[in-house]
Amino acid sequence: NETLVVPEFQRDFVWDLDRFALLFDSIYKGYTMGNILLWQTKHKLAHKTIGAEKTKTINQIENKEYTYVLDGQQRLTTLHGILREKEISRNGKKPKLYKIYFDIKNDEFIKETQKIEDLGSRTIKRVIYDGDFDKFRFIDMSQIFDEKLNFPENLIKSEEEVSKSSLKNSEITQEEYFKKDEELKMKESLLKQFATVIKAYEIPQIVDYNDDIDKVVTVFERINTQNMQLDIFDIMVAKTYE
């Protein structure tokens, strides 16, 4: 959502890939991730779009309603970057694309730089480079909400076509074809079950439509997990940031 933004007084996005994987593990297991606190208002505050490197100054901001993220930037930026396959900036550095995969065999989320013991201690990056990436074992989390991919239907359909072609060209026997078909149906069931769990997760959020800046300052101070001392000066800086 282009109107969902991070106000200038928020700290930078700092989570690492281990925290990325842990967040997705919480979602998968149905653990609560805590409320996301949003402030919907027409007040113009200097801000960044989710995952961006630089803050937009007041003269770069349109006159329209924005939804400012008061609490939950780390979680929302992670979800935006991984699920939407968008480059995100960490610690104010140049935006970069990060990937998280779910390993169905080991029932765990892994980062692309993590060494996989039963694959010769290679990373996902290396496995892809070597050309033996198992797309039915490792689920790229950016595929789950990609409407064009229609995960996992298109993946299954593509594999079915390969099997049918192999049978037609006598590359496999009918018995082998039925065995592949049975294995494929089992894989399809697992992939669909996983996708359903992720898509069904609801992120708890609280939206405040109040334009009382003093109230927003108080709320931010009380919920901020870093005990950041925010006062009216910080808000005014965000209102005049150039």
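1. A pocket, as the word is used here, is an open set of grid points with protein on both sides within 12 Å along at least five of seven lines, and its lining residues have an atom within 4 Å of a point. In this predicted model, helix H2 gives the largest share of the lining of the largest pocket, four residues.

2. The space in that largest pocket comes to about 670 Å³. Its lining has 21 residues, and Leu76, Leu79, His80, Arg84 and Ile203 lie nearest the centre. Two or more lining residues come from each of H1, strand E2 (36-41), H2 and H5. By type, the lining divides into 13 nonpolar, five polar and three charged residues.

3. As for the chain as a whole, seven helices and eight strands are found in it. Of its 242 residues, 41% are buried. Among contacts with a separation of 6 or more, 68% join residues 24 or more positions apart.

4. The largest nonpolar core holds 30 residues, and Phe20, Phe24, Phe109 and Met141 touch the most other members. Helices H1 (17-29), H2 (73-83), H4 (153-168) and H5 (174-200), together with strand E5 (100-103), each give two or more residues to this core. H1 provides the largest share, six residues.

5. Which residues does Phe24 contact, leaving aside its neighbours within four places in sequence? They are Thr78, Leu79, Ile82, Leu83, Ile100, Phe109 and Met141. Another core, of twelve residues, lies apart from the largest one and includes Val5, Leu45, Tyr66 and Val216.

Terms used. Residues numbered from 1 in each chain as written. Predicted model: local features only at pLDDT ≥ 70, side-chain atom pairs only at ≥ 80, totals over all residues. Heavy atoms only, no water. Core = buried A, V, L, I, M, F, W, Y, C linked by side-chain atoms within 4.5 Å. Buried < 20%, exposed > 50% of the residue type's maximum accessible area, 1.4 Å probe, protein only. Contact = heavy atoms within 4.5 Å. 1 Å grid on protein atoms, 1.4 Å probe; cavity = no way out; pocket = protein on both sides within 12 Å on 5 of 7 lines; lining within 4 Å. Points joined across faces, edges and corners; volume = space filled by probe spheres on them. Nonpolar A, V, L, I, M, F, W, Y, C, P; charged D, E, K, R; others polar.
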